[in-house]
Amino acid sequence: VRPGVMVCDSRNRDRARIARQLETEEYKNLLIKLQDHEPFLRQFNAWSDVLAFMHQGASEDPNKDEILRPILAAHVADGDHRWRTILLAVFWPGLGSIHFRKRSWDLDDPDELWQRVYWAFHQSVCRIDIARRRDRLVQWIYNSTIHRLHEDYRRDWVHAEREIASDPEEMANLAGANDGGDL
């Protein structure tokens with residue numbers, strides 16, 4: 001089995017698991033809680049409807065901000081990890097796109113790249129200031145994820161540039177291993 005196929009299968013299983021989680025009562029209650037205060041969200045019967053809306057059309061659609069803003073505000077307000085699960089489901093196609101587009105950054109380990117994409121996304125979601133960022137939330141999170149991912153890899157690239165391959169014999173000579181003296 002090719003490594004890329006295993007990664008894809010694993011991510012597909014993760015996505016299916018998240019979709020099942022969103023169907024549970026505890027997640028349904030989160031949607032109901034948002035709908036109490038957000039009239040725009042009342043048109044959706046389940047998180048799957050929210051995801052279908054978010055995954056279609058242009059990312060610039062201002063109605064997408066009407067969905068993301070209350071989710072992000074709830075996340076900031078109570079820090080409940082379930083909001084991050086919902087956001088992960090919302091952004092899953094975009095994260096997959098980043099993973100595909102930046103695959104050259106980690107050709108040897110697509111799993112590592114996926115973990116770094118997820119971590120960059122997590123940081124972006126946790127650090128967004130919705131009081132200052134009122135619109136274009138989808139683009140901001142997507143671009144911030146790419147930026148954070150690049151910074152993470154850039155540290156590796158800078159470190160790799162500093163490493164100098166040395167001849168083992170030369171290293172032994174520098175260490176005094178071949179000076180002929182016994183201690």
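Reader: Which residues of α6 are buried?
Author: The buried residues of α6 are P110, L113, W114, R116, V117, A120, F121, H122, Q123, S124 and V125, where buried means under 20% relative accessible area, exposed means over 50%, and partly exposed is in between, with a 1.4 Å probe and protein chains only. This is a predicted model, in which local features need pLDDT of at least 70 and side-chain atom pairs count only at pLDDT 80 or more, while totals for chains, interfaces and linings use all residues. Residues are numbered from 1 along each chain as its sequence is written, and side-chain values use heavy atoms, with hydrogens and water left out.

Reader: And how many residues does α6 have, and what span does it reach?
Author: Helix α6 has 18 residues, and from its first C-alpha to its last it reaches 26 Å, close to the 26 Å expected at 1.5 Å a residue; the expected span is 1.5 Å times one less than the number of residues. Helices here are DSSP runs of H or I with at least four residues, strands are runs of E with at least two, and both are numbered from the N terminus.

Reader: R116 is in that buried list. What does R116 pair with at 2.6 Å?
Author: At that distance between the closest N and O atoms, R116 forms a salt bridge with D156, a salt bridge being a side-chain nitrogen of Lys or Arg within 4 Å of a carboxyl oxygen of Asp or Glu. R116 lies in helix α6 and D156 in helix α7, so the pair ties together parts that are 40 residues apart in sequence. R116 is buried, with a relative accessible area of 14%, whereas D156 is partly exposed, at 33%. Salt bridges that share partners join E112, R116, D152, R155 and D156 into one network.

Reader: D152 is in that network too. How far apart are the closest N and O atoms of R116 and D152?
Author: They are 3.5 Å apart, and R116 and D152 form a salt bridge. R116 lies in helix α6 (residues 110-127) and D152 in helix α7 (residues 137-162), so this pair ties together parts that are 36 residues apart in sequence. Both R116 and D152 are buried.

Reader: How many salt bridges are there by that rule?
Author: The count comes to eleven. Another of the listed pairs is D14 with R17, whose closest N and O atoms are 4.0 Å apart; both residues lie in helix α1 (residues 3-22), three residues apart, about one turn of the helix. D14 is partly exposed at 28% relative accessibility, and R17 is partly exposed at 39%.

Reader: Switching to the core, which residues touch the most other members?
Author: In the largest nonpolar core, which has 43 residues, those are W47, L68, L72, I86 and F91; a nonpolar core is a set of buried Ala, Val, Leu, Ile, Met, Phe, Trp, Tyr and Cys residues joined through side-chain atoms within 4.5 Å. The elements that give two or more residues to this core are α1, α2, α3 (47-55), α4 (62-78), α5 (81-101), α6 and α7, and α5 gives the most, with ten residues.

Reader: What does F91 touch?
Author: Not counting residues up to four places away in sequence, F91 touches L68, F121, V138 and I141, where contact means heavy atoms within 4.5 Å.

Reader: Now α2: which of its residues are buried?
Author: In α2, the buried residues are Y27, L30, L31, L34 and Q35. They cover an arc of only 135° around the axis, which puts them on the same side of α2; the arc is that of the directions from the helix axis to the C-beta atoms. The face of α2 turned away from that buried side carries the exposed residues E25, D36 and H37.

Reader: And what is Q35 in contact with?
Author: Q35, which is buried with a relative accessible area of 14%, is in contact with L41, R42 and F44, leaving aside its neighbours within four places in sequence.

Reader: Last one: where does R136 lie?
Author: R136 lies in the loop between α6 and α7, and its phi is near 55°, a positive value in a residue other than glycine. Most residues other than glycine have a negative phi. R136 is partly exposed, with a relative accessible area of 46%.
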